[in-house]
Amino acid sequence: MARAWGAHWQSLWPGNARAREPLRQLVAVMRQHRERLAEAPPEATSRDSLQSLERRLELMFRRHPLSAAATAAYVCLMAIDLQRLRGLLAVRALRDAPAAP
């Protein structure tokens, strides 16, 4: 499903090679992040990898304003923020849960 979505998304990219380059860079950044997570040992956390990804996405967002790549980078940054919020809410729910008898 993800491959089909990715192929369709790429078919919607601009026809101009110069306009497509930032989008290619964004895809490469996301692939590198996914590979880094896949190669990490089981006991590793994703904190450093996510921070690195955030920095790269922020840089891409600033370097390519008014482009589709900036929009995609922004959506990725919002997904990271939502993931972080979900984790904080889960921790709070566990902390505030009544103790089992």
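Biologist: How many residues does helix 3 have, and how far does it reach from its first C-alpha to its last?

Modeller: Keep in mind that this is a predicted model. Helix 3 covers residues 47-63, which is 17 residues. From first C-alpha to last it reaches 24 Å, close to the 24 Å expected at 1.5 Å a residue.

Biologist: Which residues in helix 3 are buried?

Modeller: Ser49, Leu50, Ser52, Leu53, Glu54, Leu57 and Met60.

Biologist: And what do the buried residues of helix 3 pack against?

Modeller: Two partners: helix 2, residues 17-39, and helix 4, residues 68-96.

Biologist: Let me pick on Ser49. Why is Ser49 classed as buried?

Modeller: Because its relative accessible area is 9%, and the cut-off for buried is under 20%. Ser49 sits in helix 3, and its contacts, leaving aside neighbours within four places in sequence, are His33, Arg36 and Leu37.

Biologist: What about Arg56, how does its accessibility count?

Modeller: Arg56 is also a helix 3 residue. It counts as partly exposed because its relative accessibility is 31%, and that class runs between 20% and 50%.

Biologist: Which residues is Arg56 in contact with, leaving aside the neighbours within four places in sequence?

Modeller: Val29, Gln32 and Arg36. Arg56 can also be placed relative to Met30: the two are 26 residues apart in sequence, but 9.7 Å apart in space, C-alpha to C-alpha.

Biologist: OK, switching to helix 4. How many residues does it have, and what's its reach?

Modeller: Helix 4 has 29 residues and spans 42 Å between its end C-alphas, close to the expected 42 Å. Its buried residues are Ala69, Ala70, Ala72, Ala73, Cys76, Leu77 and Ile80.

Biologist: What do the buried residues of helix 4 pack against?

Modeller: Helix 1, helix 2 and helix 3.

Biologist: Which residues make up the largest nonpolar core?

Modeller: There are eleven: Leu26, Val29, Leu50, Leu53, Leu57, Met60, Ala72, Ala73, Cys76, Leu77 and Ile80. Helix 2, helix 3 and helix 4 each supply at least two of the residues in this core, and helix 4 gives the most, with five. As a general point, nonpolar side chains in soluble globular proteins tend to be buried together.

Biologist: Zoom in on Cys76 and Leu77 for me. What does each of them touch?

Modeller: Cys76, in helix 4, is in contact with Met30 and Leu57 once neighbours within four places in sequence are left aside. Leu77 touches Glu54, Leu57 and Glu58, not counting residues up to four places away in sequence.

Biologist: And how far apart are Cys76 and Arg92?

Modeller: They are 16 residues apart in sequence and 24 Å apart in space, C-alpha to C-alpha.

Biologist: How does the lining of the largest pocket divide by residue type?

Modeller: Ten nonpolar, three polar and three charged.

Biologist: And the second largest pocket, what's its volume and what lines it?

Modeller: Its volume is about 180 Å³. The second largest pocket is lined by Thr45, Ser46, Arg47, Leu50, Gln51, Ile80, Gln83 and Arg84. Helix 3 and helix 4 each supply at least two residues of that lining, and the lining of the second largest pocket divides into two nonpolar, four polar and two charged residues.

Biologist: Last one, Leu66. Where does it lie, and is it buried or exposed?

Modeller: Leu66 lies in the loop between helix 3 and helix 4. It is exposed, with a relative accessible area of 92%.

Biologist: What is the phi of Leu66 near?

Modeller: Near 65°, a positive value in a residue other than glycine. Most residues other than glycine have a negative phi.

Biologist: How far is Leu66 from Ser46?

Modeller: They are 20 residues apart in sequence and 30 Å apart in space, C-alpha to C-alpha.

Conventions:
Residues are numbered from 1 along each chain as its sequence is written. This is a predicted model: local features need pLDDT of at least 70, side-chain atom pairs count only at pLDDT 80 or more; totals for chains, interfaces and linings use all residues. Side-chain values use heavy atoms; hydrogens and water are left out. Helices (H or I, at least four residues) and strands (E, at least two) are DSSP runs, numbered from the N terminus. The expected span of a helix is 1.5 Å times one less than its number of residues. Buried means under 20% relative accessible area, exposed over 50%, partly exposed in between (1.4 Å probe, protein chains only). Contact means heavy atoms within 4.5 Å. Ala, Val, Leu, Ile, Met, Phe, Trp, Tyr, Cys and Pro count as nonpolar, Asp, Glu, Lys and Arg as charged, and the others, Gly among them, as polar. On a 1 Å grid over the protein atoms alone, a cavity is a set of points where a 1.4 Å probe fits but cannot get out, and a pocket is an open set with protein on both sides within 12 Å along at least five of seven lines; lining residues have an atom within 4 Å of a point. Grid points are joined across faces, edges and corners, and a volume is the space filled by probe spheres set on the points. A nonpolar core is a set of buried Ala, Val, Leu, Ile, Met, Phe, Trp, Tyr and Cys residues joined through side-chain atoms within 4.5 Å.
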